Amino acid sequence: MPDVVFKDLCIDVTAGGGRPEAVARFWGAALRQPVVEHESGDFHLEPPAGGSKERTVWINAVPEPPAGKSRVHLDLRVPSGDPVPLISAGARVAAEPGPGHPWYVLNDPDGVALCVFGPHPQYHDAPSGPFELVVDAADPLRIATWWAQRTGGTIGQQPGGEFVWVEGAAGFPYMFWVFNPVPEPKTVKNRVHWDVTLADAGVDELVAAGATLLRTRDSEIDWWVLADPEGNEFCAFA
């Protein structure tokens, strides 16, 4: 049984100026999930109707603006590979396709990155929409193995390939959970993080396995804030 089950994806957005709503509307259009506004000023995206495996996405207002490259992002497939509908919804082009990367890099209205791919070159019937959650890593195999052990997933890696992925993680809504090598260290809080539900382990067991407890449950929050061995923040719910 896994220690934790993947619960939700959370995106931080700079508060004020209507930006959280703009970001929520953008991601609602990009992921095709209905937008729900909360009195707190936060938003969430409901999973689509019809038995979709997509999970809730939270858009959370925070005081700080983006600082540096986003170390966690989503990869999306669009039917034509054309990002124009996403640009019309509020995204900006950060990088166009080029040698070695046949995809667009876009920034959402608050500067969080996402990558946009066309149809799969081999599996043309692969569905459109989000298919990978990508995490920058100093040691992809080590951190992917850590999350595979926590979630009951299995490790995948192409022979000679640098990036590593996890398949079959409990509750994980996308096809692959990818850990990609980067040379730069993590220096600021991730603008995108994931929530988990504690299944067969408690917070103490996660810390014993290598996580760091950043904040315990208190009168203001009903969850624990932790970081994995590479410093990626995540929230754990009872």
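Colleague: Which residues have the most contacts inside the largest nonpolar core?
Modeller: Trp27, Leu133, Trp147, Trp177 and Trp194, in a core of 51 residues. Such a core is a set of buried Ala, Val, Leu, Ile, Met, Phe, Trp, Tyr and Cys residues joined through side-chain atoms within 4.5 Å, and buried means under 20% relative accessible area with a 1.4 Å probe, protein chains only. This is a predicted model: local features need pLDDT of at least 70, side-chain atom pairs count only at pLDDT 80 or more, and totals for chains, interfaces and linings use all residues. Residues are numbered from 1 along each chain as its sequence is written, and side-chain values use heavy atoms, without hydrogens and water.

Colleague: What is Trp27 in contact with?
Modeller: Leaving aside neighbours within four places in sequence, Trp27 is in contact (heavy atoms within 4.5 Å) with Ile11, Arg32, Leu45, Ile59, Leu74, Asp108 and Leu114.

Colleague: Switching to strands: how do β7 and β8 pair?
Modeller: They are antiparallel, over 4 bridges; pairing takes at least two DSSP bridges, and strands are DSSP runs of E, at least two residues, numbered from the N terminus. Strand β8 covers residues 113-117, and Ala113 there is the bridge partner of Asn107.

Colleague: What about the turn in that hairpin?
Modeller: There are 5 residues between β7 and β8, and Gly111 in the turn has a positive phi of about 95 degrees.

Conventions:
Buried < 20%, exposed > 50% of the residue type's maximum accessible area, 1.4 Å probe, protein only.
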